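Okay, thanks everyone, let's get going.

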Amino acid sequence: MRLLLLIALLSASALDFSSCSGAPDLTTMFTETLAETHALHANLNNRAKRNIHSYNENDSKYNYHSANPHSLSPFSYEDTVRIDEYATTGLKVAAKLLSSKFNGYNIRSLQAKQDPREALKTLQAPEKFCPFKKPVTCQIEFPYRSFDGSCNNLNNTWWGKAGTPFKRWLPADYSDQFKLNEPRAASDGSELPNPRELVCALMPDRHEIESSVTHMFMQWGQLVNHDITSLSITREDDPDQSICKTCTRTHKCLPMMITSNTTCNCAKTMKHDCIEFTRSSASFGDVACTLGPREQVNMQTAFLDGSHVYGVSVEENTKLRQGSGGLLRVQSRNTGDLLPASKQERPSDCLDFRPETKCFVAGDDRINQNPALMSMQTLMVREHNRVARELARRNPTWLDEVLFQEARRVVIAQIQHITYNEYLPVLLGAETMKLFSLSPAEGSKKLHLYDPTFDPRVTNEYAASAGRFGHSMVRTDYSRLDSNYESSAKSFMLRNSYFRANDLYNSVEGGLESILRGLLVDPLMAVDRWFSTELTQHLFETKNRLKQPFHFDLAAININRGRDHGISGYTVFREFCELEPVKTWEDMAKFIDPETVNVYRSFYGAPQDLDLFVGAVSEKKAEGRLVGPTLSCLLGLQFQGLKFGDRFWYETDEGPADFTFGQLAEIRKSSLAKLLCRNMVDTPKVQPMAFISSKSNGNSLVDCSTLPDIDWGFWTV
Ligand code: HEM
């Protein structure tokens with residue numbers, strides 16, 4: 001009876017604030033709430049400083065978030081802090097409003113009928129508390145993409161723009177009363193299992209390989225992800241202060257404690273007693289700053305537009321360019337050009353400070369994370385410069401800007417073509433490619449596929465959980481091979497190579513070519529619940545002052561990140577994908593092997609609690625694809641949005657961004673194999689399908705000269 005009354009009341013008030021006793025005075029609420037936060041912070045900072053002081057003994061560990069200061073990024077430190085601060089204030093204001101509106105109601109029964117957060121939809125933060133820059137005026141006839149992704153969609157000019165909020169497939173599942181902010185909890189309200197213990201029990205290193213797929217597949221996957229997504233991590237007001245070092249659970253920190261659980265053999269392999277974890281910074285859900293649950297910011301453009309090569313702003317791009325001939329800056333060497341070296345004496349994202357092996361700068365600040373990533377990023381810059389020179393030779397009157405933009409357009413088209421023609425079919429299989437219309441067309445056919453109602457933004461679920469499936473494909477050892485594909489130097493392990501560029505400078509041991517050839521030969525690790533210990537035991541390993549190793553665990557971070565972002569559990573996404581629902585552990589055992597389900601059962605209170613990342617990587621796979629059905633669906637959807645929502649998609653028939661018919665037919669000849677051939681020194685042979693083993697039928701090594709190449713005649717004006 002009471003519930004019926006409540007529902008009647010709710011529909012009468014149309015679940016918004018306008019029908020209450022007057023609209024709330026948001027300016028006053030924001031001003032007061034911000035002042036309260038500042039006062040609280042002053043207190044907390046003092047406490048934290050005291051704690052950090054007493055913690056100093058173990059202080060020399062490497063903090064990968066603070067070592068990632070977006071040094072070239074267009075987002076100033078102040079910008080990211082401001083978005084976080086205003087959005088956090090918005091969350092507090094939202095909680096106060098909802099508490100006063102629904103005071104006395106049983107929130108659980110209310111939530112079962114209607115989402116109380118709907119009431120916030122008509123409320124926006126006052127302008128001075130809305131940190132996003134106002135929409136820009138777009139030049140409709142401008143034929144090139146903007147660097148920051150704005151003006152791709154002319155109706156929603158910020159869709160896909162760097163520095164704006166992710167979108168979501170499903171409402172956020174936070175654990176506080178109104179599901180606004182606190183990390184996801186179990187369905188009965190208790191804490192979810194400790195991520196590090198889960199990793200120890202579920203994800204130890206087991207060498208299951210995909211024998212017909214090469215490790216190059218993993219590397220392209222990481223490159224694609226660095227093109228479309230980058231999280232912004234909460235920072236403290238004081239940039240020098242690493243806020244989560246003390247491993248205390250606060251509103252910004254979600255530490256993962258390392259317990260002495262005896263069933264967990266690997267838990268104690270870490271000499272420290274917690275893995276620090278900083279929450280991603282908070283954001284409003286849109287650029288109008290509508291009040292609602294905590295959202296997060298994508299610092300990258302959503303589009304597959306080479307933003308990891310070119311940067312995401314004019315300023316950033318200018319720093320990367322030579323300023324003549326349409327070229328990007330490089331360190332010229334007779335053993336092949338390298339990316340420019342950082343100008344800083346001790347770059348913060350580098351662990352080898354020797355002047356002769358300085359870490360690099362590129363369009364994405366994660367460039368120095370590992371040598372294989374650096375090698376592929378270098379390859380893309382070499383390709384850009386090669387294309388710019390080809391264009392300049394044929395069009396001597398073109399100035400730097402036209403040469404640069406045209407070369408950029410060709411490189412982006414190649415990235416899109418290789419991803420949709422070679423990468424996604426291996427990942428998703430023919431059926432999913434067809435279901436989401438992902439395959440490129442053939443010949444010179446242009447496509448009328450751009451749909452401005454398609455929202456191209458990357459989803460939060462993809463960035464925080466689903467897109468991370470690739471971590472399971474990473475190998476423990478990376479071969480280095482000579483031009484005959486024989487061992488040229490000792491293979492390397494990631495633990496010794498994170499944030500160190502020396503292998504690329506070392507031409508005696510084969511430089512970046514030897515690493516790329518290794519990627520073309522080493523088999524890929526299968527997408528499953530097994531992860532290399534290079535990621536779970538030795539991620540970003542350093543030694544503290546007591547010479548004890550300190551390191552992170554990427555699989556545990558992924559689980560925690562999903563919770564931090566309020567990503568719903570695995571079973572919810574099965575239903576979202578219209579797959580057979582999972583209500584019980586027995587149901588689950590139909591799609592994930594029963595032995596694994598039993599381990600889940602011993603950790604999670606209910607099947608509904610299983611984290612999306614954990615469930616998604618362990619699903620059984622159908623023949624001909626690398627991932628299970630839930631990942632196929634989520635990845636298919638994400639890549640569909642990136643294609644149909646991109647006004648500058650390389651196959652488009654829409655002017656002014658379209659290629660000529662002749663140019664498009666040439667672009668469609670592109671392959672990763674030829675890209676590698678053209679830009680790797682001393683590599684006369686490559687297999688035609690670079691993601692497939694050269695031992696597979698019909699894919700033996702061939703002379704580079706036999707692979708189809710682009711005819712630049714179509715670019716002569
Ligand atoms: C050696 C290889 C790799 C390393 C060391 C690595 C490391 C990392 C790290 C440290 C993060 C940030 C985690 C966090 O704080 O939440 C991350 C995020 C991510 N990784 Fe990887 N990764 C690798 C390869 C890959 C691959 C192959 C893929 C996919 C095919 C991938 C997809 C992602 C995605 C989607 C994110 C979220 C990105 C964001 O929005 O910031 N990674 N990775």
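Helices here are DSSP runs of H or I with at least four residues, strands are runs of E with at least two, and both are numbered from the N terminus.

Before I go on, one caveat: this is a predicted model, where local features need pLDDT of at least 70, side-chain atom pairs count only at pLDDT 80 or more, and totals for chains, interfaces and linings use all residues. Residue numbers start from 1 along each chain as its sequence is written.

Back to that packing. On the α9 side the contact uses P371, A372, S375 and T378, and on the α13 side L512, I515, L516 and L519. Contact means that the C-beta atoms, placed from the backbone, lie within 7 Å. By class we get six nonpolar residues, two polar and no charged. Nonpolar is Ala, Val, Leu, Ile, Met, Phe, Trp, Tyr, Cys and Pro, charged is Asp, Glu, Lys and Arg, and the others, Gly among them, are polar.

Helix α9, residues 371–394, has another partner, α6, residues 216–228. Those two axes come within 10 Å and cross at roughly 70°, which makes α6 roughly perpendicular to α9. Here Q219, Q222 and L223 of α6 meet A372, L373 and M376 of α9. That contact splits into four nonpolar, two polar and no charged residues.

Now the ligand. Which helix gives the most to the shell around the ligand? It's α6, with four residues. Helix α15, 554–564, also supplies at least two. In total 20 residues surround the ligand, and the closest are G221, T229, L231, G467 and G470; the cut-off is a C-beta atom, placed from the backbone, within 6 Å of the molecule. The shell divides into eight nonpolar, 10 polar and two charged residues.

Zooming out for a second, the protein chain has 22 helices and 12 strands. Of its 717 residues, 50% are buried. Buried means 20 or more other C-beta atoms within 10 Å of a residue's own, exposed means 12 or fewer, and partly exposed is in between, again with C-beta atoms placed from the backbone. And of the contacts with a separation of 6 or more, 75% are between residues 24 or more positions apart.

A well-covered helix to look at is α5, residues 195–202, with seven of its eight residues buried. Those are P195, R196, E197, L198, V199, C200 and L202. The cover includes β3, β4, α14, α15, α18 and α19.

On the strand side, β6, residues 477–481, has four of its five residues buried. Four bridges join β6 to β7, residues 487–493, and the two run antiparallel; strands count as paired if DSSP finds at least two bridges between them. Y478 stands opposite F492 in β7. The two strands form a hairpin with five residues between them, and Y485 in the turn has a positive phi of about 60°.

As a reminder, most residues other than glycine have a negative phi, and most peptide bonds are trans. C151 has a positive phi of about 65°, and sits in the loop between α4 and β1. C151 is buried, with 21 other C-beta atoms within 10 Å. S437 has a phi near 50° and lies in the loop between α10 and α11. Is S437 buried or exposed? Exposed, with 12 other C-beta atoms within 10 Å. Then there's a cis peptide bond from G655 to P656, omega near 0°, with P656 in the loop between α20 and α21.

Methods: Axes are lines fitted to C-alpha atoms, for helices over the stretch in contact, and angles run from 0 to 180 degrees between N-to-C directions. Angles under 35 degrees count as roughly parallel, over 145 as roughly antiparallel, 65 to 115 as roughly perpendicular and the rest as oblique. Two residues are in contact if their C-beta atoms, placed from the backbone, lie within 7 Å.
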